[in-house]
Amino acid sequence: QVQLVESGGGLVQAGGSLRLSCVASGSISSINVMGWYRQAPGKQRELVATVSSVGTRTYASSVKGRFTVSRDNARNTVYLQMNSLESEDTAVYYCNARIAPYGAGYSNYWGQGTQVTVSS
């Protein structure tokens, strides 16, 4: 069974920084894209940033220049470094990964979410 576990959320003042981590574990054969989404109260879940297995990155326009996504393939881990945080960044952040377990094809997996709250 494949699991994604996030850590690193919390409360921070506007202008501050946080670093999120997400580890994929279980019977994993291969991981394609890993990334982060977020969902603010009353809003739809939106893409924040993704990184491919070869390091190609994409960002939402709202976080470009402030957030950096990276991954450690040896540790099946994806990170999100968030700088210059704004109150609009307050949301539950979800890790997402496209993973092929042993003996199966690729499927989309989600973490349980970690709360990020930015106080102004």
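I looked up the aromatic cluster and found that ring pairs link Y37, Y94 and W110. Rings of Phe, Tyr and Trp (its six-membered ring) pair if their centres lie within 6.5 Å; planes under 30 degrees apart are stacked, over 60 edge-to-face, the rest tilted. The model is predicted: local features need pLDDT of at least 70, side-chain atom pairs count only at pLDDT 80 or more, and totals for chains, interfaces and linings use all residues. Side-chain values use heavy atoms, without hydrogens and water, and residues are numbered from 1 along each chain as its sequence is written.

I counted 2 aromatic pairs by this rule. For Y37 and W110 I noted ring centres 5.1 Å apart and planes at 65 degrees, so this pair is edge-to-face. Y37 lies in strand β4 and W110 in strand β10 (residues 107-110), so the pair ties together parts 73 residues apart in sequence. Strands are DSSP runs of E, at least two residues, numbered from the N terminus.

I then checked Y94 and W110: the centres are 6.5 Å apart and the planes at 85 degrees, so this pair is also edge-to-face. Y94 is in strand β9 (residues 91-101), 16 residues from W110.

I looked up accessibility, where buried means under 20% relative accessible area, exposed over 50%, and partly exposed in between (1.4 Å probe, protein chains only). Y94 counts as buried because its value is 14%, whereas W110, at 36%, counts as partly exposed.

I also searched for charges over rings, which require NZ of Lys or CZ of Arg within 6 Å of the ring centre and within 35 degrees of the ring normal. R45 lies over the face of W110, 4.6 Å from the ring centre.

Key: Helices (H or I, at least four residues) and strands (E, at least two) are DSSP runs, numbered from the N terminus.
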